Amino acid sequence: GILPEPPLWNERLVWADRVVALIAQAEAENLDPRWRFETPSRVHASDKEAADAFKGFEDKGDELVQVQAMDWFGQVVAGEHTVVCNLATVLREALPAQGKRSG
């Protein structure tokens, strides 16, 4: 296609598919309902400092997933792409030629 394939895209899809399959399997095998809901890790942690550090890593992981999802949506769904060029090219393309008539 026009856009290059993002690195590791197929691996991400395989990983996501596997996670979904494992969740479905766990639920089918009567997973304890307490594991289906997120509990704030800091609330019940005996080591609050470690819980804060873990939460920071978890938040960074969530941010990474969100950024990747936005990039994928922009490229694949919205058709966005990036073109690298210099200022002279931008000005040449954006501004009509001096002294030339259009049409």
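**Exercise 1. Determine which residues line the largest pocket and which elements supply them.**

Step 1. In this predicted model, 10 residues line the largest pocket, and Arg 12, Trp 15, Ala 16, Val 65 and Gln 68 lie nearest its centre. A pocket is an open set of points on a 1 Å grid over the protein atoms alone, where a 1.4 Å probe fits, with protein on both sides within 12 Å along at least five of seven lines; lining residues have an atom within 4 Å of a point.

Step 2. Helix 1 (9–28) and helix 2 (48–77) each give two or more residues to this lining. Helices are DSSP runs (H or I, at least four residues), numbered from the N terminus.

Residues are numbered from 1 along each chain as its sequence is written.

**Exercise 2. Check the length of helix 2 and describe its ends.**

Step 1. The expected span is 1.5 Å times one less than the number of residues. The 30 residues of helix 2 should therefore span 44 Å, and its end C-alpha atoms are 42 Å apart, which agrees.

Step 2. At the N-terminal end, Asp 47 caps helix 2, with a side-chain oxygen 3.2 Å from the backbone nitrogen of Glu 49.

Step 3. Gly 79, with a positive phi near 75°, follows helix 2.

**Exercise 3. State where confidence is lowest and highest.**

Step 1. Confidence is lowest in helix 1, at a mean of 81, and highest in helix 2, at 86.

How values were computed. This is a predicted model: local features need pLDDT of at least 70, side-chain atom pairs count only at pLDDT 80 or more; totals for chains, interfaces and linings use all residues. Side-chain values use heavy atoms; hydrogens and water are left out. A polar contact is a pair of N or O atoms within 3.5 Å; within protein, one must be able to donate a hydrogen and the other to accept it, and residues adjacent in sequence count only if both atoms are side-chain atoms. pLDDT is the predictor's confidence in each residue, from 0 to 100.
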